[in-house]
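Here is a short briefing to read alongside the structure.

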Amino acid sequence: MLSHDRVWAAIDALAERYSLSASGLARRAGLDSTAFNKSKRLSADGRPRWPSTESLAKIIEATGSSLNEFIALVEDRATAAPDALPARRPSVPLVGFAQAGAGGFFDDAGFPVGHGWDLIELPAPGGGPAYALKVQGDSMLPLYRDGDVLIVEPGASVRKGDRVVVKTTSGEVMAKVLSRQSARTISLVSLNPEHPDREFPVHEVEWMARIVWASQ
């Protein structure tokens, strides 16, 4: 039976299947990040609020899944009959470094916004919402080559020695090693010895995301 609870449970299950939170799924589909919050599922007077068919179509397209897969989640067949659905690794948006540096492509947390991105499958299920960046140029040699793909997790904790992608408020995007982070400054070591190390005031760093995998 098609019920309000089952439709919302299917949205949550779809998000989890592709290693996303409900808000991450909404962002990937080009929707408001709060569109699938639990507080939005009931109106102020307690009446059920259903997701629109347009929203459902967008999350199906954004995850590269199918209507049949979503219906199976609504009917809760995924747990009752695990062989009914093909195994599928999570897919994430693929963004070029030039796009990452341009305005309007990322939210304040460092996630791609909108939809229409190319999608690639993750090599393995991640620990949190992620996306892929495609290396362009030779500034990251010898570690990363032109055309390599980096998987980054903006929500992952970052510690000294981690490889990170950083975007500054001036639009620079770079992959470096975090050397030091204080309340005032962020120090980065260059991967390429021909490029200088960098240090930025914290207010000049728009976002920083940890690199969790690279296609080397």
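Strand β3 (residues 131–134) and strand β4 (residues 149–153) run antiparallel and are joined by 4 bridges. Within this pairing, Leu133 has Leu150 of β4 as its bridge partner. This is a predicted model, in which local features need pLDDT of at least 70 and side-chain atom pairs count only at pLDDT 80 or more, while totals for chains, interfaces and linings use all residues. Residues are numbered from 1 along each chain as its sequence is written, and side-chain values use heavy atoms, with hydrogens and water left out.

**The sheet**

- An open sheet of 9 strands has the order β2-β1-β3-β4-β9-β5-β6-β7-β8, with mixed pairing (two strands pair if DSSP finds at least two bridges between them; strands are DSSP runs of E, at least two residues, and helices runs of H or I, at least four, numbered from the N terminus).
- β2 (118–121) and β8 (198–201) are at the edges with a single partner strand each, so one side of each has no neighbour in the sheet.

**Salt bridges**

- The whole structure holds 9 salt bridges (a side-chain nitrogen of Lys or Arg within 4 Å of a carboxyl oxygen of Asp or Glu).
- Asp12 pairs with Arg41 in a salt bridge, with the closest N and O atoms 2.8 Å apart.
- Glu199 forms a salt bridge with Arg180, the closest N and O atoms being 3.4 Å apart.
- Shared partners join Asp12, Lys38 and Arg41 into one salt-bridge network.

- Arg41 counts as buried at 9% relative accessibility (buried is under 20% relative accessible area, exposed over 50%, partly exposed in between, with a 1.4 Å probe and protein chains only).
- Asp12 is partly exposed at 25%.
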